[in-house]
Amino acid sequence: MTTHDDTIAHDAFLTVSAALTGYNAAELQATGCAAEYWHHVQQVLPEDILKKFLSLAPRLGKKDDDKIIRESYLPDRCLGPVARSLIQLWYTGQWVPLPQEWRENYGASRFDVVKIISTRAYKEGLVWDAIGAHPQGAKQQGFGAWSLEPPKQRGQADERNS
């Protein structure tokens, strides 16, 4: 049973994930992997660390996300490694374990191992969209795709309208 608190925490997870990845929460949800990733992060992180990690979510999604990420998450000895593993999870579908030093200081979890979360996670990794490619062996481009102009990169302006 999902409680209201679970929903708030899940929404905070998506808000933080959006700020870390550069994709919005709707795009992250559209991967179909958000629930799996949320579940995995909950298994890996001690509850107090997870609460600390999500505590900055209300400040995100406004206009200074990059500044908050650079100043509050990435340099932090506790939150930085978590943020980096979460970024890699969204982009590759693979959980990269937290550093040994982190585990010694904050606690180890049997779920904190190298793991591709699912076949869907591999297929929906943000890296494929970011580089304008397709996951090899999973989503083929289709016959004759080699003859088409490559898609525009994410965030690239349409040069014809400039």
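Begin by selecting G93, which lies just after helix 6 and takes a positive phi of about 80°. Helices here are DSSP runs of H or I with at least four residues, numbered from the N terminus. This is a predicted model, in which local features need pLDDT of at least 70 and side-chain atom pairs count only at pLDDT 80 or more, while totals for chains, interfaces and linings use all residues. Residues are numbered from 1 along each chain as its sequence is written, and side-chain values use heavy atoms, with hydrogens and water left out.

Next, select helix 6 itself. It has 14 residues and reaches 20 Å from its first C-alpha to its last, close to the 20 Å expected at 1.5 Å a residue; the expected span is 1.5 Å times one less than the number of residues. Its buried residues include L79, G80, A83 and W90. Buried means under 20% relative accessible area, exposed over 50%, and partly exposed in between, with a 1.4 Å probe and protein chains only.

Of its 39 residues, L45, F53, Y73 and W90 touch the most other members. Helices 1, 3, 4, 5 and 6 each give two or more residues to this core, and helix 1 gives the most, with seven.

Centre the view on Y73. Leaving aside residues up to four places away in sequence, Y73 touches V16, F53, L56, A57, L60, I68, L79, G80 and A83, where contact means heavy atoms within 4.5 Å.

Finally, turn to the charged pairs. How many salt bridges does a search of the whole structure find? The search finds three, each being a side-chain nitrogen of Lys or Arg within 4 Å of a carboxyl oxygen of Asp or Glu.

- Select K51 and E47, whose side chains meet at 3.5 Å, N to O. Both lie in helix 4 (residues 47-54), four residues apart, about one turn of the helix, and both are exposed.
- Select E101 and R77, which meet at 2.6 Å, N to O. This pair links distant parts of the chain, with E101 in helix 7 and R77 in the loop between helix 5 and helix 6.
- Select R103 and D112, which meet at 3.6 Å, N to O. R103 is partly exposed, with a relative accessible area of 23%, whereas D112 is buried, at 2%.

Key. A nonpolar core is a set of buried Ala, Val, Leu, Ile, Met, Phe, Trp, Tyr and Cys residues joined through side-chain atoms within 4.5 Å.
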